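Reader: I would like to go through this structure feature by feature. Please give the general idea each time, and then the case at hand.

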Amino acid sequence: VWQSWRWVRDPLLTKLGEKQARELGDILRSIDFFRSRRIGAVFVSPLRRALQTACFMFEGTEIPGGKMVVLPLITELRSSAGDAGHSFDELIEDPEIEPFVHMLDFEKYAPQNGEKWWPLPEPCRMSESASSRVERLEVFERWLKAELHNSNVVLVGHSNFWREFERRAASPTTTTDEDAVRTLKNCRMAQLEFIPEEDRFARTHTVVLEEQGDGGVEIGDDGRRADRVPMLDRPTSPEGPSARAKSPNAKGFGSPRRQPPT
């Protein structure tokens with residue numbers, strides 16, 4: 001029964017997911033995350049669990065650019081009915097999404113002529129084809145490199161997509177590198193930095209959000225350290241990092257840029 005979500009089209013966040021997303025948002029607001037990290041834009045997958053994650057996290061926060069941009073390119077790598085989405089018109093009218101529509105920009109990357117934005121499965125299968133996955137990851141990598149010329153960004157999406165992106169882009173010559181293929185678990189963020197001189201991305205740290213027995217919240221670096229909230233206040237490069245945010249059924253990701261040596 002625990003796998004029943006695989007048979008539900010575009011499921012919503014659980015109550016636990018909502019709670020964790022709101023807790024993470026409170027922490028990010030407490031450190032003025034967008035401004036301190038020089039975030040210029042927030043992008044979010046159109047799957048409902050990702051939209052809810054982003055909106056619960058950043059509700060009541062001044063969002064860079066005024067709204068979060070809905071970006072179909074970063075939807076999950078399709079492996080089940082849960083990764084099949086809804087049209088933008090359906091999402092705008094969805095009673096669970098409608099209260100947050102004012103936070104979301106559905107126009108910038110809206111599909112043309114009402115086309116489906118989510119990947120179609122292979123014949124007689126539920127999953128996206130390997131060629132479609134590779135093409136989408138390649139397009140995303142080119143898009144992200146171009147976007148980082150403008151500012152640091154936050155992206156809210158899904159674990160399989162980020163894992164495969166890191167496998168390809170973070171360590172292109174060492175696909176078995178554990179640091180390049182770690183899967184983010186629920187309520188985690190990861191910071192990736194683009195290294196122009198090497199034309200690759202590198203994960204600088206993983207942030208873990210864990211509910212403690214006393215009701216407090218603790219953040220650690222991929223479970224190896226147990227630092228309190230100020231971990232996110234550690235000094236960073238002048239350009240500042242972004243982050244990936246993750247709560248149950250939805251994950252996120254961000255990439256700060258590094259200036260080439262002068």
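Author: Start with pockets. On a 1 Å grid over the protein atoms alone, a pocket is an open set of points with protein on both sides within 12 Å along at least five of seven lines, and a lining residue has an atom within 4 Å of a point. This is a predicted model, in which local features need pLDDT of at least 70 and side-chain atom pairs pLDDT 80 or more, while totals for chains, interfaces and linings use all residues. Residues are numbered from 1 along each chain as its sequence is written, and side-chain values use heavy atoms, with hydrogens and water left out.

Reader: Which residues lie nearest the centre of the largest pocket?

Author: Pro-72, Leu-73, Pro-111, Lys-116 and Trp-117, out of a lining of 17 residues. The space in this pocket is about 340 Å³, where a volume is the space filled by probe spheres set on the grid points, joined across faces, edges and corners.

Reader: How many residues of the lining are nonpolar, polar and charged?

Author: Ala, Val, Leu, Ile, Met, Phe, Trp, Tyr, Cys and Pro count as nonpolar, Asp, Glu, Lys and Arg as charged, and the others, Gly among them, as polar. Here the lining has 11 nonpolar, two polar and four charged residues.

Reader: Is Arg-49 buried or exposed?

Author: Buried means under 20% relative accessible area, exposed over 50%, and partly exposed in between, with a 1.4 Å probe and protein chains only. Arg-49 is buried, at 5%. This residue belongs to helix α3, residues 48-58; helices (H or I, at least four residues) and strands (E, at least two) are DSSP runs numbered from the N terminus.

Reader: Which side chain does Arg-49 join in a polar contact?

Author: A polar contact is a pair of N or O atoms within 3.5 Å; within protein, one must be able to donate a hydrogen and the other to accept it, and residues adjacent in sequence count only if both atoms are side-chain atoms. The side chain of Arg-49 has such a contact, of 2.7 Å, with that of Asp-83.

Reader: How many aromatic pairs does the structure hold?

Author: Rings of Phe, Tyr and Trp (its six-membered ring) pair if their centres lie within 6.5 Å; planes under 30 degrees apart count as stacked, over 60 as edge-to-face and the rest as tilted. There are 15 such pairs. One of them, Tyr-109 with Trp-143, is edge-to-face, at 6.4 Å centre to centre and 75° between the planes. Tyr-109 sits in the loop between β3 (104-105) and α5 (130-147) and Trp-143 in helix α5, so the pair ties together parts 34 residues apart in sequence.

Methods: On a 1 Å grid over the protein atoms alone, a cavity is a set of points where a 1.4 Å probe fits but cannot get out, and a pocket is an open set with protein on both sides within 12 Å along at least five of seven lines; lining residues have an atom within 4 Å of a point.
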